[in-house]
Amino acid sequence: DKAILKPEGKEALDIFADKLSKIRYDLIIAVGYADRIGSEEYNKRLSMRRAEAVKNYLVTTRGISPDRIFTDGKGEANPVTGDTCVGGKATKALINCLAPDRRVEIEVAGTQEGN
């Protein structure tokens, strides 16, 4: 139930933002995801909050215009863990196993400038 950036997430976004200076981009797309624990509706909202947290960081800390960042939340769609995490009850082991599914993926639409 968290949509807060971890220190390693902030570091990754800082590296990402530094690389943006080398490209001419039109749009940044941040898509949030959740694990399968919880209702589909709740996970959809949670994944959107995660994408919005990334957008907020890029806008407030890195000075990227908010109208150049599109956010979306896909809920529990596209789990990277596949069917490797077994169990339906939210045990600590299951929560830890599903951690990779709780993420935000970023895409950039644009063109790279010459060296």
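Helices and strands are here DSSP runs, of at least four residues (H or I) and at least two residues (E) respectively, and are numbered from the N terminus. The model shown in these views is predicted.

**Figure 1. The loop between S2 and H3 at Val 80.** Val 80 is found in the loop that joins S2 to H3. Leaving aside residues up to four places away in sequence, Val 80 touches Pro 100, Asp 101 and Arg 103. The C-alpha atoms of Val 80 and Arg 102 are separated by 9.2 Å, with the two residues 22 residues apart along the chain.

**Figure 2. Backbone of Asn 78.** Asn 78 is also located between strand S2 (69-73) and helix H3 (92-97), in the loop. Its phi is near 50 degrees, which is a positive value in a residue other than glycine.

**Figure 3. Crossing of helices H1 and H2.** Two packed helices are described by the distance between their axes and the angle between them. For helix H1 (residues 7-20) and helix H2 (residues 40-62), the axes come within 11 Å and cross at roughly 60 degrees. H1 and H2 are therefore oblique to each other. The crossing of the two helices, H1 and H2, is right-handed.

**Figure 4. Residues in the contact of H1 with H2.** On the H1 side, Lys 10, Leu 13, Asp 14, Phe 16, Ala 17 and Asp 18 take part, and they meet Val 54, Tyr 57, Leu 58 and Arg 62 of H2. Classed by residue type, this contact contains six nonpolar and four charged residues, with no polar ones.

**Figure 5. The largest pocket.** Rolling a probe the size of a water molecule over the atoms shows where empty space is left. The largest pocket holds about 790 Å³ of space. Its lining has 26 residues, and those nearest the centre of the pocket are Ile 4, Lys 6, Arg 50, Arg 102 and Arg 103. H1, H2 and strand S3 (104-112) are the elements that each give two or more residues to this lining. H2 supplies the largest share of the lining, six residues. By class, the lining of the largest pocket divides into 15 nonpolar, eight charged and three polar residues.

**Figure 6. The chain as context for the close-up views.** The chain has three helices and three strands. From the N terminus on, its elements run α-β-α-β-α-β. Taken along the principal axes, the C-alpha atoms of the chain fill a box of roughly 50 × 25 × 25 Å.

Terms used:
Residues are numbered from 1 along each chain as its sequence is written. This is a predicted model: local features need pLDDT of at least 70, side-chain atom pairs count only at pLDDT 80 or more; totals for chains, interfaces and linings use all residues. Side-chain values use heavy atoms; hydrogens and water are left out. Axes are lines fitted to C-alpha atoms, for helices over the stretch in contact, and angles run from 0 to 180 degrees between N-to-C directions. Angles under 35 degrees count as roughly parallel, over 145 as roughly antiparallel, 65 to 115 as roughly perpendicular and the rest as oblique. A crossing is left-handed if the near helix is turned anticlockwise from the far one by less than a right angle, and right-handed if clockwise. Contact means heavy atoms within 4.5 Å. Ala, Val, Leu, Ile, Met, Phe, Trp, Tyr, Cys and Pro count as nonpolar, Asp, Glu, Lys and Arg as charged, and the others, Gly among them, as polar. On a 1 Å grid over the protein atoms alone, a cavity is a set of points where a 1.4 Å probe fits but cannot get out, and a pocket is an open set with protein on both sides within 12 Å along at least five of seven lines; lining residues have an atom within 4 Å of a point. Grid points are joined across faces, edges and corners, and a volume is the space filled by probe spheres set on the points.
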